[in-house]
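Take a look at the sequence and the 3D structure below. This short report then goes through the chain part by part.

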Amino acid sequence: MHTMTEESFQAHVLDMKVEGYTILTDQLTPEECAEARKELETRYPDRERGSFEWLFNKARVFERFYQLPDHLRLIRHFLGPDALLSAVYGSVVMPGEGGRGLHSDSGITGHNRDASMPDADEGRRITSHSIALNTIFCLSPFTETNGATEFVPGSHRYEYLDVPDSAYDNARTAVAPEGSLVLFDVNTWHGTTKNQTGETRYAVLSPWRRRWTKCEYEMARVVKPDVLERAGEDGPVIFGFQAQSPYTELWQWDREEGGPKPEFSHLRRD
Ligand SMILES: O=C(O)CCC(=O)C(=O)O
């Protein structure tokens, strides 16, 4: 188990606060990266039909991606101890692909979608606190030329929704060895750079949310029982069993299990 020193933890916290992203190296072993790359390579032809989604249900290696102590510690520091896993999916950048795609995820899958923006907010985002985070696992080395993700430092504090063209002048490529992860605030502008090499770039993305916001998936319904079992005592928290809104009256509801209490099992709806 890899755990960072207090000094290192504080340095990552500061990076997150100031830059809106931070890089943790040595999170996955070369063997884990190779295995995960192989899984993505095999699944690539079927990616449009969902083969890149819910990866933890499809191969054991992806179960590691929510069990890394340093990563979890940082997530919980910013989102709270009951932070939820929102998705785990593959991202492959073939030679020649990528480039000019700066965006923030909150505007696509999060609380800043057009349909969610109240007029009273006047096009401004919540920038005082982290509402959600995303993680990119570097299954290939991330270099200046192979389609690594670029980030605009400090952009998580930029108040307005639109990304100005000049943001590209400030973008910095996240150069990182294979096995690293990049953790970033959901507000931080980022995008895939162009892959100018002959090699495919492999990554896995894994967004996290505060417990009281909607996740991309109802993970408590998605996760397979054996996968949940192997996640140990963190499993029900990470997969949001306790975060499910009751559909019975409260006295009939088991918060821990996320369903009706055993004596009210006849009220179960799934
Ligand atoms: O794979 C990448 O480089 C980043 C993908 C991305 O920006 C996203 O999914 O929001």
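## Overall shape

This is a predicted model. For 270 residues, a compact globule would have a radius of gyration near 18 Å. The protein chain has 19 Å, which agrees. Along the principal axes, its C-alpha atoms fill a box of roughly 60 × 50 × 40 Å.

The protein chain holds 7 helices and 12 strands. Of its 270 residues, 38% count as buried. Now take the contacts between residues at least 6 apart in sequence: 79% of them join residues at least 24 apart.

## Two domains

The protein chain splits into two parts. Domain 1 covers 6–239, and domain 2 covers 244–270. Between the C-alpha centres of domain 1 and domain 2 lie 32 Å.

Start with a general point. Side chains in a regular strand alternate between the two faces of the sheet. Now turn to strand 1, residues 21–24. Tyr21 and Ile23 are on one side, while Thr22 and Leu24 are on the other. All four are buried, so both faces of strand 1 are covered.

Strand 1 is joined to strand 7 (residues 181–185) by 4 bridges. The two strands run antiparallel. Ile23 has Val182 as its bridge partner in strand 7.

## A buried serine

Ser86 sits in the loop between strand 2 (84–85) and strand 3 (89–93). Is Ser86 buried or exposed? Ser86 is buried, because 23 other C-beta atoms lie within 10 Å. The cut-off for a buried residue is 20 or more.

What does Ser86 touch, leaving out residues up to four places away in sequence? The list is Pro207, Trp208, Arg209, Cys215, Glu216 and Tyr217. Take Tyr217 as an example. Ser86 and Tyr217 are 131 residues apart in sequence. In space they are 6.1 Å apart, C-alpha to C-alpha.

How values were computed:
Residues numbered from 1 in each chain as written. Predicted model: local features only at pLDDT ≥ 70, side-chain atom pairs only at ≥ 80, totals over all residues. Buried ≥ 20, exposed ≤ 12 C-beta atoms within 10 Å, placed from the backbone. Pairing = 2+ DSSP bridges. Domains from an automatic or database assignment. Rg over C-alpha atoms; globule rule 2.2 N^0.38 Å. Contact = placed C-beta atoms within 7 Å.
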